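Start with the overall fold, then move to the helix packing and a few single residues.

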Amino acid sequence: MKKAEGALLTISELADELALPQHILRYWETRFPQLRPLQRSGNRRYYRPADVALARRIHALLNVEGFTVKGAQKALGEADGVGDRPVIQTDDRGLIARLEKIRAELASALKL
């Protein structure tokens, strides 16, 4: 019996669909923070449609396209827009403030 589209899948159902052992899916949960299935009593995992789509994408990146785990993490981060944002270190905030001040001074000088 096939489940309806959009129904929650157990870890065994998703593992069978992807032709992977269940422990691989549990490993992916530790490496890809976006993959967070619902966990009910007894730590039973239920994958929502978004989790299933993400697991399929991870599977495609790793097993079809040949990415490493680190490469797949980066590819998924960039797809989510996370990879495009610069990381601002705490000590960079003073530099940013100085640059903004210089920009304001240049803008006012150009108006003269």
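How many helices and strands does the chain have?

## Overall build

The chain has five helices and three strands. Keep in mind that this is a predicted model. Read from the N terminus, the order of the elements is β-α-α-β-β-α-α-α.

The chain holds 112 residues, and 24% of them are buried. Its accessible surface is about 8,300 Å². Carbon and sulfur atoms account for 55% of that surface. Take the contacts with a separation of 6 or more: 42% of them join residues 24 or more positions apart.

## Helix H1 and its buried side

Which residues of H1 are buried? They are Ile11, Leu14, Ala15 and Leu18. These residues span an arc of only 100 degrees around the axis, so they sit on the same side of H1. The general rule behind such a pattern is simple. An α-helix has 3.6 residues a turn, so residues three or four places apart point the same way.

Several elements cover this buried set. Among them are strand S1 (9-10), H2, S3 and H3.

## Helix H2 and its buried side

Helix H2 runs over residues 22-31. Its buried residues are Leu25, Trp28 and Glu29. Their arc around the axis is only 105 degrees, which means that they lie on the same side of H2.

What covers the buried residues of H2? The cover includes helix H1 (11-18) and helix H3 (49-64). Strand S2 (38-40) and strand S3 (44-47) are also part of the cover.

## How H1 meets H2

Two packed helices are described by the angle between their axes and the distance between the axes. Here, the axes of H1 and H2 come within 8 Å. They cross at roughly 105 degrees. H1 is therefore roughly perpendicular to H2.

The residues of this contact divide into six nonpolar, two polar and one charged. From H1 come Ile11, Ser12, Leu14, Ala15 and Leu18. From H2 come Gln22, Leu25, Arg26 and Trp28. Several of these residues also belong to the buried sets. In H1, Ile11, Leu14, Ala15 and Leu18 are buried. In H2, Leu25 and Trp28 are among the buried residues.

## His59 in helix H3

His59 lies in helix H3. Is His59 buried or exposed? His59 has a relative accessible area of 17%. Buried means under 20%, so His59 counts as buried.

Which residues does His59 contact, leaving aside its neighbours within four places in sequence? They are Leu18, Leu20, Trp28 and Val64. Leu18 is one of the buried residues of H1. Trp28 is one of the buried residues of H2. Leu18 and Trp28 also take part in the contact of H1 with H2.

Most residues other than glycine have a negative phi, and most peptide bonds are trans. Which way does the phi of Ala19 go, positive or negative? The phi of Ala19 is positive, near 60 degrees, and this residue is not glycine. Ala19 follows H1 and is found in the loop between H1 and H2. Ala19 is exposed, at 67% relative accessibility.

Asn43 also has a positive phi near 60 degrees, and again the residue is not glycine. Where is Asn43 found? Asn43 is in the loop between S2 and S3. With a relative accessible area of 52%, Asn43 is exposed.

Ala50 has its place in helix H3. Its relative accessibility is 60%, and Ala50 counts as exposed. Along the chain, Ala50 and Arg36 are 14 residues apart. Their C-alpha atoms are separated by 9.7 Å.

Ala53 is in helix H3 too. Ala53 is partly exposed, at 42% relative accessibility. Ala53 and Leu35 are 18 residues apart in sequence. From C-alpha to C-alpha, Ala53 and Leu35 are 9.8 Å apart in space.

Conventions. Residues numbered from 1 in each chain as written. Predicted model: local features only at pLDDT ≥ 70, side-chain atom pairs only at ≥ 80, totals over all residues. Heavy atoms only, no water. Buried < 20%, exposed > 50% of the residue type's maximum accessible area, 1.4 Å probe, protein only. Helix = DSSP H or I, 4+ residues; strand = E, 2+ residues; numbered from the N terminus. Arc of directions from axis to C-beta. Contact = heavy atoms within 4.5 Å. Axes fitted to C-alpha atoms, helices over the stretch in contact; angles between N-to-C directions. Parallel < 35°, antiparallel > 145°, perpendicular 65-115°, else oblique. Nonpolar A, V, L, I, M, F, W, Y, C, P; charged D, E, K, R; others polar. Areas by Shrake-Rupley, 256 points an atom, 1.4 Å probe, with all protein chains shown as cover.
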